[in-house]
Amino acid sequence: MLNYIFSILPSLFSGAWLTIEIFFWTTVVSIPLGLLVAFGLHSKLKLVKAILKFYVWIIRGTPLLLQLIFIFYGLPTVGIVFPRYEAALVAFIINYAAYFAEIFRGGLQAVPVGQFEAAQVLGLSRWQTINRIVRPQVVKIVLPSIGNELINLVKDSSLVYVIGLGDLLRAGNVATARDVSLVPLVLVGCVYLAMTAVLTALLRVVEKRSNVWK
């Protein structure tokens, strides 16, 4: 049994590395993009606000799996072709940016209007108001929700299997089909649990340092 486990671990770790890559790039791009969208949702420009609301509604109202399939299999019919890896990143970034935008929008709304007015009285510019007054409060408010979405992202990354990427789940499925054994799937579950456990621990450290619960 141990020999078999050690024989399939390299392929599982290779798949896990792809999962981590997708998680990393989605997080790095979608969080800032979501923040920009959140500010856009508070824009005084009605057209911009309407377009962003429509974007968030479409993305949050349809499954990520459908979005993956649409981008990789659907867009080529109109001449827009993405390689598998890039298609996965585009789908995940667009999807998670919409969810992060809603989280940030809620955080911005939670900041009392009086604080914006006080900043104007003090002569602070819009950027200074956002950076010194709004940002620290919004971070504390949204951090738990952001953390939950990041944990979901680790698990959602398994959806890239449907477009043929060799992620962790695909590696486990291949080994299970080849060897007619449940051991690879059990190991896949253990790897996912390990990744989410590490991420949860890191998030708790960040929340503690940010005094989220105070």
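A residue counts as buried here when its relative accessible area is under 20%, and as exposed when that area is over 50%. By this rule, 41% of the 214 residues of the protein count as buried. The model is a predicted one.

**Overall architecture and confidence**

The protein has 8 helices and 0 strands, so that, by the run of elements from the N terminus, the order reads α-α-α-α-α-α-α-α. Along the principal axes, the C-alpha atoms fill a box of roughly 70 × 45 × 20 Å. Among contacts between residues at least 6 apart in sequence, 75% join residues at least 24 apart.

The mean pLDDT of the protein is 89, and 98% of the residues reach 70 or more. Confidence is lowest in helix H5 (residues 113-121), where the mean is 73. It is highest in helix H3 (residues 64-74), at 96.

**Packing around helix H6**

Two packed helices are described by the angle between their axes and the distance between those axes. Helix H6 (residues 126-156) takes part in a pairing with helix H8 (residues 183-209), and H6 also packs with helix H1 (residues 2-41).

The axes of H6 and H8 come within 10 Å and cross at roughly 165°. That angle makes H6 roughly antiparallel to H8, because angles over 145 degrees count as roughly antiparallel. The crossing of these two helices is right-handed. On the H6 side, the contact is formed by Leu 143, Pro 144, Gly 147, Leu 150, Ile 151 and Val 154. Their partners in H8 are Tyr 192, Met 195, Thr 196, Leu 199, Thr 200, Leu 203, Val 206 and Glu 207. By type, the residues of this contact comprise 10 nonpolar, 3 polar and 1 charged.

H1 and H6 pack at an angle of about 140°, with their axes 12 Å apart. H1 is therefore oblique to H6, and H1 passes H6 in a right-handed crossing. H1 contributes Thr 19, Phe 23, Thr 26, Thr 27, Ile 31 and Phe 39 to the contact, while H6 contributes Ile 130, Ile 146, Leu 150, Leu 153 and Val 154. The residues of the H1 contact with H6 divide into 8 nonpolar, 3 polar and no charged.

**Individual residues**

| Residue | Relative accessibility | Class |
|---|---|---|
| Asn 95 | 4% | buried |
| Thr 176 | 17% | buried |
| Val 180 | 75% | exposed |

Asn 95 lies in helix H4 (residues 84-110). At 4% relative accessibility, Asn 95 counts as buried, because the value is under 20%. Not counting residues up to four places away in sequence, Asn 95 touches Ile 59, Leu 64 and Gln 67.

Thr 176 is placed in helix H7. Leaving aside neighbours within four places in sequence, Thr 176 is in contact with Ser 181, Pro 184 and Leu 185.

Val 180 sits in the loop between helix H7 (168-179) and H8. Most residues other than glycine have a negative phi. The phi of Val 180, however, is near 50°, a positive value in a residue other than glycine. With 75% relative accessibility, Val 180 counts as exposed.

Key
Residues numbered from 1 in each chain as written. Predicted model: local features only at pLDDT ≥ 70, side-chain atom pairs only at ≥ 80, totals over all residues. Heavy atoms only, no water. Axes fitted to C-alpha atoms, helices over the stretch in contact; angles between N-to-C directions. Helix = DSSP H or I, 4+ residues; strand = E, 2+ residues; numbered from the N terminus. Parallel < 35°, antiparallel > 145°, perpendicular 65-115°, else oblique. Left-handed = near helix turned anticlockwise from the far one by under 90°. Contact = heavy atoms within 4.5 Å. Nonpolar A, V, L, I, M, F, W, Y, C, P; charged D, E, K, R; others polar. pLDDT = per-residue confidence, 0-100. Buried < 20%, exposed > 50% of the residue type's maximum accessible area, 1.4 Å probe, protein only.
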